[in-house]
Amino acid sequence: IPEMQRWKNDDIVYNFTDNREETAFTFQDTDPRFYSKLTMSYTGLLELSTWNPTTPGWDIIWFSSTTQCDVYEKCGPYSYCDTNTSPKCNCIKGFDPRNHQDWDFGFGWGGCARRTPLICEGDEFLPLKRMKLPDTAEVIVDRIISLEQCKDRCIKNCNCTAFANADIRKGGSGCVIWTGVLKDMRNYVDNGQDLYVRLAAADLVDEKNTNKKIRNVIVGVSVILLLSFIIFCFWKRKQKRAKAKATPIVYQERNQDLLMNGVVITSGRHLSDLSEENITEDLELPLMEFKAVVMATNNFSDCNILGHGGFGSVYKGRLANGQDIAVKRLSEMSHQGTNEFKNEVKLIARLQHINLVRILGVASMLR
């Protein structure tokens, strides 16, 4: 009885005897100071009591549950009772209610009828989990064979309606074969036993198709997700390439802005065109009028010096449009040459960061 597994007395031990001479379930209270008894009340409930010498009297420490599913054959043939469903009576898959009107009102004692007759050969089995096994008035029992051998015997016996393990301990053993109507079944939330009910193959087609559809949906969703991920990766890669190619365009836009302010000579000219030392060689930077820089810094006034670096001084200035700028001027006295200065300009021009100064352009004074 699954409910007995919830007994809260550690002193009680259980024993199940099953042999050719007897089948019995016994329990014993190992504490010699106490006595216990298991009785059935006038209402049909089992009660476990222990003797309390201090009272004296019997204290009930456990009694069987009192749900509707405890009533014998509550739901009729080929149906089972489940306290977690509404209505509580449920037809086994492949069976329909004998009286739909009574069934809809919650009266399940009429039970269910088989939807498709068995044909013996070609029948299949529906597994039911956590079940109270049907009434055993019409069964064949073999305590030695395995569950697979039990299934083979059931298939060969056209009168077999269901089978299950005779003993579920240690992984299960033995065989119980039902040859009559399946009745007095219920489903437990936990515990219980597996029962395999014989059905016509046609009644299991829907379940197989449903499982196949579920598998197809899972595979389809997985393929879509995989393709979406691949497309996303290609899109990100394309975005990076487009961003890299767009860098010269950004410089060209800066060139156009400076052209509007009248400080750019031409968007196609670079220092490499005007300087014998190829200072800007391959930079995509607009070339500014040197006199515009001179005017912006007040002829490189000492009052506008912001600081000094390895290449020379840095001046603050303001263009004709009011934009504030900083100008780094390569000093003739610098120990570093034009190549080093060019490398620094290249690096700053190619890097973009919120804390990094943006280069607007370069200017050269030809000699």
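I began with the link of cysteine 120 and cysteine 158, which is left-handed, with -75 degrees about the S-S bond; the model I am reading is a predicted one. Cysteine 120 sits in the loop between β9 (112-114) and β10 (124-132), and cysteine 158 in the loop between α2 (147-156) and β12 (162-164), so that the pair links distant parts of the chain, 38 residues apart. I found their sulfur atoms 1.7 Å apart. Cysteine 120 counts as buried because its relative accessibility is 17%, under the 20% cut-off, whereas cysteine 158, at 44%, counts as partly exposed.

I then looked up the disulfides as a set: the structure holds six, and with the bonded cysteines numbered in sequence order the pairing is 1-3, 2-4, 5-6, 7-10, 8-12, 9-11.

Next I took the disulfide that joins cysteine 69 to cysteine 81, with an S to S distance of 1.9 Å. The torsion about its S-S bond is about -75 degrees, so this disulfide is left-handed. Cysteine 69 lies in the loop between β5 (57-63) and β6, and cysteine 81 in strand β6, twelve residues apart.

I turned to serine 79, which is also found in strand β6 (residues 79-81) and counts as buried at 0% relative accessibility. A polar atom of the serine 79 side chain lies 3.0 Å from the backbone oxygen of glycine 76. Beyond its neighbours within four places in sequence, I noted contacts of serine 79 with residues including Cys91, Trp103 and Met185.

Last, I checked Lys328, where UniProt places a "binding site" feature in an unreviewed entry. Lysine 328 is in strand β19 (residues 324-328) and is partly exposed, with a relative accessible area of 36%.

Technical notes:
Residues are numbered from 1 along each chain as its sequence is written. This is a predicted model: local features need pLDDT of at least 70, side-chain atom pairs count only at pLDDT 80 or more; totals for chains, interfaces and linings use all residues. Side-chain values use heavy atoms; hydrogens and water are left out. Helices (H or I, at least four residues) and strands (E, at least two) are DSSP runs, numbered from the N terminus. Buried means under 20% relative accessible area, exposed over 50%, partly exposed in between (1.4 Å probe, protein chains only). A polar contact is a pair of N or O atoms within 3.5 Å; within protein, one must be able to donate a hydrogen and the other to accept it, and residues adjacent in sequence count only if both atoms are side-chain atoms. Contact means heavy atoms within 4.5 Å. UniProt positions are given in the numbering used here, feature names are shortened, and annotations may be inferred rather than shown by experiment. A disulfide is a pair of cysteine sulfur atoms within 2.5 Å.
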